[in-house]
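Subject: Structure for you to look at

Hello,

Here is the structure I said I would pass on. Please open it beside this email and follow along.

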Amino acid sequence: MKIKIGTRGSKLALTQTNMVKNMIEEANPNVSCEIVVIKTKGDVDLKNPIHKVGKGVFVKEIEDSLLRGDIDLAVHSMKDMPSDETEGLMFFDPPKAEDARDVLISSRKIEKLSELCSGIVGTGSLRRKLQIETICPNISTTSIRGNIETRMSKVGEEGIIGVVLAYAGILRGGYGDKVSYVFDKSEIVPSPCQGILAIQGRKNDEKILEIISKIRDEETTVRMNIERAFQRELNAGCHSPMGFNAEVDLKTGEAILRACFGDESKNILLKKSVCVKISEAEEAAKNIAREFKDAIGK
Ligand SMILES: NCc1[nH]cc(CCC(=O)O)c1CC(=O)O
């Protein structure tokens, strides 16, 4: 059986889609995948910051192709997916995630955060901006955009001493040796679903469901469901910076939830972490989201 997988054409998107293609073909010897590159609005608008153009801009054209039946599957980064799902489509349980943490790329390695004393750090995300300015009060940030390679190339330009990126994209791109510092999940709470691949298809497509179920990872699936529950409850459509991560341990049956929510105009950053039973984690995640909304008044 042949299946067509749609993706954006960025280097990261193609790498991730090739990973999924290889996983599918390995687990399903009778299946071969063809990769179809689709241009999206987000690939064209490279000027405006992401929170202005909206996260959905990287998916619309790809979802339309799925709905038309031009492709059978689409691969995205789960953290770029809007919290409300598109009618007629679904996300399959994901394969094993890459590291969820954020990293600093700069010209020299640092051991402790205190070595990062002053200067300008580039980041396109308000979540990273607010958190890094809180943990390193003498660091200021500047907005950067573009793909991973473009953002990495900003180091050294216009006083920029480093840029903050997702470890997952850095590792998948083969740039692990460029990492200066890995932020602890409590220092910079990652974005919901950072490092998780989104495999999207049509609802009720039983054949594809069976093929994809062979590459699912239980721990990542549990993690994704908790983090998506938080995101839905918070309704990330509001453009406030937020982060959320569930560190799931299937052996102990527990999950550490780390959350942050900020308001740039009021200069507030709320942070919270709790350890809960996995069975109660989605409810706990939604409770934190409600607490945050009440506190900031959204
Ligand atoms: N926002 C863009 C984006 N979407 C997914 C990743 C990295 C891979 C992942 O988190 O799964 C990145 C780059 C980054 O934030 O540094």
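Which residues of the largest nonpolar core touch the most other members? Before the answer, two notes on the source. This is a predicted model, in which local features need pLDDT of at least 70 and side-chain atom pairs count only at pLDDT 80 or more, while totals for chains, interfaces and linings use all residues. Residues are numbered from 1 along each chain as its sequence is written, and side-chain values use heavy atoms, with hydrogens and water left out.

The cores

The residues asked about are Ile226, Phe230, Phe244 and Leu257, in a core of 20 residues. A nonpolar core here is a set of buried Ala, Val, Leu, Ile, Met, Phe, Trp, Tyr and Cys residues joined through side-chain atoms within 4.5 Å. Buried means under 20% relative accessible area, with a 1.4 Å probe and protein chains only. At least two residues of this core come from each of α9 (218-234), β11 (242-249), β12 and α10 (281-296). Helices (H or I, at least four residues) and strands (E, at least two) are DSSP runs, numbered from the N terminus. The largest share, seven residues, is supplied by α10. Another core, of 15 residues, lies apart from this one and includes Ile5, Val20, Leu73 and Phe92. In soluble globular proteins, nonpolar side chains tend to be buried together.

Not counting residues up to four places away in sequence, Phe230 touches Met242, Gly243, Phe244, Ala259, Ala285, Ile288, Ala289 and Phe292. Contact means heavy atoms within 4.5 Å. Thr221 also lies in helix α9. Thr221 is buried, at a relative accessible area of 4%, and its contacts beyond four places in sequence are Asp93, Pro94 and Arg216.

The three-stranded sheet

An open sheet of three strands has the order β11-β12-β13, with antiparallel pairing. Two strands pair if DSSP finds at least two bridges between them. Because β11 and β13 each have a single partner strand, one side of each is left without a neighbour in the sheet. Eight bridges join β11 to β12, and Asp249 stands opposite Glu254 in β12. Between β12 (residues 254-263) and β13 (residues 268-277) there are ten bridges; Ile256 has Cys275 as its bridge partner in β13. Four residues separate these strands in their hairpin, where Asn267 takes a positive phi near 60°. Helix α10 lies across β11, β12 and β13, running at about 20° to β12. For such angles, axes are lines fitted to C-alpha atoms, for helices over the stretch in contact, and the values run from 0 to 180 degrees between N-to-C directions.

The five-stranded sheet

Five strands form an open sheet in the order β7-β6-β8-β5-β9, and the pairing is mixed. Its edge strands are β7 (139-142) and β9 (179-182). Strands β5 and β8 are antiparallel, with five bridges, and Leu104 has Val164 as its bridge partner in β8.

Helix α1

What are the buried residues of α1? They are Ala13, Gln16, Thr17, Val20, Lys21 and Ile24.

Regards

Methods. Buried < 20%, exposed > 50% of the residue type's maximum accessible area, 1.4 Å probe, protein only.
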